[in-house]
Amino acid sequence: MIPELGQISLILALILATLLATIPMYGAWKNNERLMALAPSLVIGHFVFALMAYLVLTVAFINHDFTVTYVAMNSNLLLPFAYRLSAVWGGHEGSLLLWILMLAGWMLAVLMFSRALPTVYRTRVLAVMGIVSIGFLLFTLLTSNPFDRILPGPPDGQDMNPLLQDPGMIFHPPLLYMGYVGFAVAFGFAIAGLLGGKVERDWVRWSRPWTLIAWAFLTAGITLGSWWAYYELGWGGWWFWDPVENASFIPWLIGTALIHSQAVTEKRGAFPAWTVLLAIAAFSMSLLGTFLVRSGVLTSVHAFANDPERGLFILGFMTVITGGALLLYALRAPRIMAGEGFDFVSRETALMLNNMFFAVSAGMVLLGTLYPLVSDFMGWAQVSVGPPYFSAMFILLMTPVVMLIPFGPMSRWRKDEITRIAKPLAISAVVAIVLGFAIAAYLGAWSARAITGWIGGLWLIFGTFSYVRTALKGRRRGLPRHQIGMIMAHAGIGVFVIGVAMVSSSTLQRDVRVEPGQTVEIEGYRFELLEVVPVKGQNWIADEARFKVFRGDRELFDMAPQKRRYHRGGQVMTQVALRPGFTRDLYIAMGERLNDDNAWSIRIHIKPFVRWIWGGALLLALGGLVSASDRRYWRESRAQARKPAQHAGQAGDEVPA
Amino acid sequence: MTPTRKKRLAVVMLILVGVGTATAIAVTTMNDSILFFVSPTNVAEQDFPHDRRIRLGGLVANESVKRATDSLEVNFDVTDGNHDVTVAFTGILPDLFREGQGVIAHGRFDTQGVFQADEILARHDETYMPPEVLRALEDAGHPIEASMQ
């Protein structure tokens with residue numbers, strides 16, 4: 001009986017979303033206060049029912065209700081409690097439910113924290129998000145209902161994919177989805193602006209913190225996914241240019257361009273139309289990502305068992321949302337305010353370059369990701385595009401970005417002198433080059449890649465901090481939060497660049513055959529295999545290889561990688577042994593048993609500075625959040641509240657397209 | 001032309017040149033890093049590019065996996081039901097590599113006609129089958145094997 005409550009909740013949420021997308025929207029058009037006043041309660045109701053559906057599914061997992069097909073497919077009696085909670089989004093249907101819940105949550109947040117917005121405008125934002133929600137609710141109910149039953153239920157369920165039974169995987173999907181779905185807010189603001197025929201600086205200022213928060217979540221989600229792939233897949237890589245990774249990376253690239261172009265539009269009023277277009281693109285790419293992951297059209301390490309009908313639905317939905325948004329854009333773009341002019345040497349130019357590089361990068365990744373699909377569809381050939389393409393493109397496009405980043409904050413709006421900017425940065429450049437060579441020499445990493453990596457990374461870090469000195473000059477109080485966030489993020493890229501350069505240039509990897517008693521020596525580390533013993537967990541059994549690690553004659557620590565076999569489904573999985581460190585990780589993964597004497601194939605990595613990759617990326621995410629918390633976004637939007645009537649009056653006169 | 005227009009023109013030209021260069025480089029790089037999918041039947045019919053790395057896909061034939069006991073060498077056959085191709089690989093196989101399961105191998109043929117793989121891919125999920133492999137099995141007239149495994 002309880003699962004049916006979930007089903008009913010979903011249907012009710014759909015009805016409320018439909019009402020939200022129509023009645024208050026109509027009210028906003030006719031400037032009818034009473035109809036618009038319905039929006040808040042509809043948003044709250046929508047959230048409550050989405051939450052209810054989600055909780056019902058969670059309860060089904062906790063109680064092992066195997067009459068629910070989705071539970072039977074993704075859980076079993078042996079699954080530990082924490083994983084039963086995360087198993088809710090371990091499969092396709094549940095992850096959609098999570099998506100819906102988050103969208104409802106974002107809508108609620110907009111309702112609560114944007115009280116200061118003019119009513120007409122806020123109503124439109126919420127109604128547009130309501131339209132998005134309709135699409136996803138319909139998708140869930142029609143093609144992927146998590147509450148479908150099998151009667152009589154099986155005595156025990158299948159298994160949650162063992163790869164997902166991991167702490168990293170508990171948080172990766174929710175964070176990623178928070179980011180994906182969060183771009184729906186920026187999208188809603190953009191469309192609401194177009195609907196009202198007014199895209200102005202106010203609009204951009206209101207949407208900036210939301211975009212920043214969504215972007216920060218997306219960054220954190222991608223980072224966590226990369227970290228998970230690193231220790232869970234047993235290959236020791238941190239990024240594979242896998243189509244599904246790309247699917248999350250494209251919105252990130254567009255989102256990065258968006259937060260920068262929003263800054264220009266808000267501060268200077270330049271490129272307003274471009275900012276709107278990016279907001280549409282960021283969310284469309286999130287939808288495209290969902291389509292790619294869910295439709296099974298891609299050969300990917302992430303692909304779940306899929307069916308094409310679902311893909312078609314999302315493709316159709318995407319066409320409606322993106323197509324509709326672009327049509328509206330085409331009709332309204334001439335009415336968007338004209339941008340203000342600027343000189344060649346100015347912060348506008350710097351940010352324009354940022355946008356150019358990030359947009360082109362997104363295009364390149366998109367091209368490489370979609371090319372196999374297009375080629376197959378056109379009947380040319382079945383191909384796949386490998387990492388060399390992406391790496392080459394990325395190094396080409398991101399090198400100028402790394403070189404230019406410190407110039408951005410340093411330059412003034414509208415008009416500046418190159419000499420004024422160059423002077424303080426020249427010192428940073430010299431220090432970065434000297435120190436870069438010195439550190440590379442000290443580490444013995446004498447490859448072009450390692451050296452350029454250190455120079456580039458240090459240049460970013462010093463260049464960014466030299467801005468702090470300039471910015472603090474003549475200021476009595478400290479820097480505002482949005483600048484602190486920016487500094488953290490830019491320095492974070494520096495840390496990231498160093499990590500990437502060191503890992504790609506100086507990783508040591510050895511695949512070896514080892515018997516108990518044998519020793520493997522790599523770069524001064526000695527790994528001695530003592531024994532291979534069977535061990536047991538709550539829902540798995542494993543062979544565990546016990547290693548002792550020495551450096552010279554000094555005994556350091558024990559490491560124990562495992563080869564697990566899960567009871568249900570019998571899936572085999574490698575559990576990596578990791579010894580993380582500030583400047584290097586030791587990494588051991590078991591391959592397979594080679595003979596009866598317990599000889600195993602073993603993979604040993606020494607990965608220098610690999611933590612810096614995720615450390616840098618987390619600094620980026622944190623920087624985004626700190627920026628978003630700046631009071632000016634929230635305070636000034638409150639100040640707008642004092643003159644809502646004026647806005648409402650103007651907007652109400654507009655005739656929608 | 002006014003100075004502003006000149007500047008704008010310069011910016012537009014700069015963007016065009018940049019995008020043009022990037023596209024040209026993208027197309028060339030992509031050409032080099034594209035992997036063509038080849039099924040065992042394609043191999044039997046000699047219907048594949050001989051001079052480059054390819055992506056071979058099919059099922060791991062039953063009872064074909066042979067491991068060396070003193071090194072990491074492994075040999076196995078990839079089949080689509082009609083034809084078999086022998087694959088040689090040195091290294092650690094993925095967890096989901098198993099006889100009767102779908103597999104994808106990247107590499108080249110040596111002069112003896114053995115496929116020397118440098119990368120073996122199997123997937124995260126037991127029930128998952130690479131779409132190309134599914135299609136290759138269908139084309140070879142053995143679609144059932146795929147859905148039964």
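**View 1. Arg122(A) has its place in helix α7 of chain A, a helix that covers residues 119–143.** Welcome to the first close-up, taken from a predicted model. Is Arg122(A) buried or exposed? Arg122(A) is buried, because 25 other C-beta atoms lie within 10 Å, and 20 or more are enough to count as buried. Which residues does Arg122(A) touch, once those up to four places away in sequence are left out? The answer is Ser114(A) and Leu117(A). Now look for Leu98(A): 24 residues separate Leu98(A) from Arg122(A) along the sequence, and their C-alpha atoms are 24 Å apart in space.

**View 2. Helix α18 and helix α19 of chain A cross at roughly 165°.** To find the pair, follow chain A to residues 481–506 for α18 and to residues 610–628 for α19. The axes of these two helices come within 7 Å. How do the two helices run relative to each other, roughly parallel or roughly antiparallel? Their crossing angle makes α18(A) roughly antiparallel to α19(A), because angles over 145 degrees are counted that way. The crossing of α18(A) and α19(A) is also left-handed. What kinds of residue make up the contact between α18(A) and α19(A)? There are 19 nonpolar residues, along with nine polar ones and one charged.

**View 3. Domain 1 and domain 3 of chain A meet through a set of contacts.** First, get your bearings: the domain assignment divides chain A into domain 1 (1–159), domain 2 (166–338) and domain 3 (508–611). How far apart are the C-alpha centres of domain 1 and domain 3 of chain A? The distance between these centres is 43 Å. Where the domains touch, six residues of domain 1 of chain A are in contact with seven residues of domain 3 of chain A. On the domain 1 side of this contact, three residues are nonpolar, two are polar and one is charged.

**View 4. Chain B contains four helices and seven strands.** How many residues does chain B have, and what share of them counts as buried? Chain B has 149 residues, and 36% of them count as buried.

How values were computed:
Residues are numbered from 1 along each chain as its sequence is written. Chains are lettered from A and ligands numbered from 1 in the order in which they are written. This is a predicted model: local features need pLDDT of at least 70, side-chain atom pairs count only at pLDDT 80 or more; totals for chains, interfaces and linings use all residues. Domain bounds come from an automatic or database domain assignment. Two residues are in contact if their C-beta atoms, placed from the backbone, lie within 7 Å. Ala, Val, Leu, Ile, Met, Phe, Trp, Tyr, Cys and Pro count as nonpolar, Asp, Glu, Lys and Arg as charged, and the others, Gly among them, as polar. Axes are lines fitted to C-alpha atoms, for helices over the stretch in contact, and angles run from 0 to 180 degrees between N-to-C directions. Angles under 35 degrees count as roughly parallel, over 145 as roughly antiparallel, 65 to 115 as roughly perpendicular and the rest as oblique. A crossing is left-handed if the near helix is turned anticlockwise from the far one by less than a right angle, and right-handed if clockwise. A residue is buried if 20 or more other C-beta atoms lie within 10 Å of its own, exposed if 12 or fewer, and partly exposed in between; C-beta atoms are placed from the backbone.
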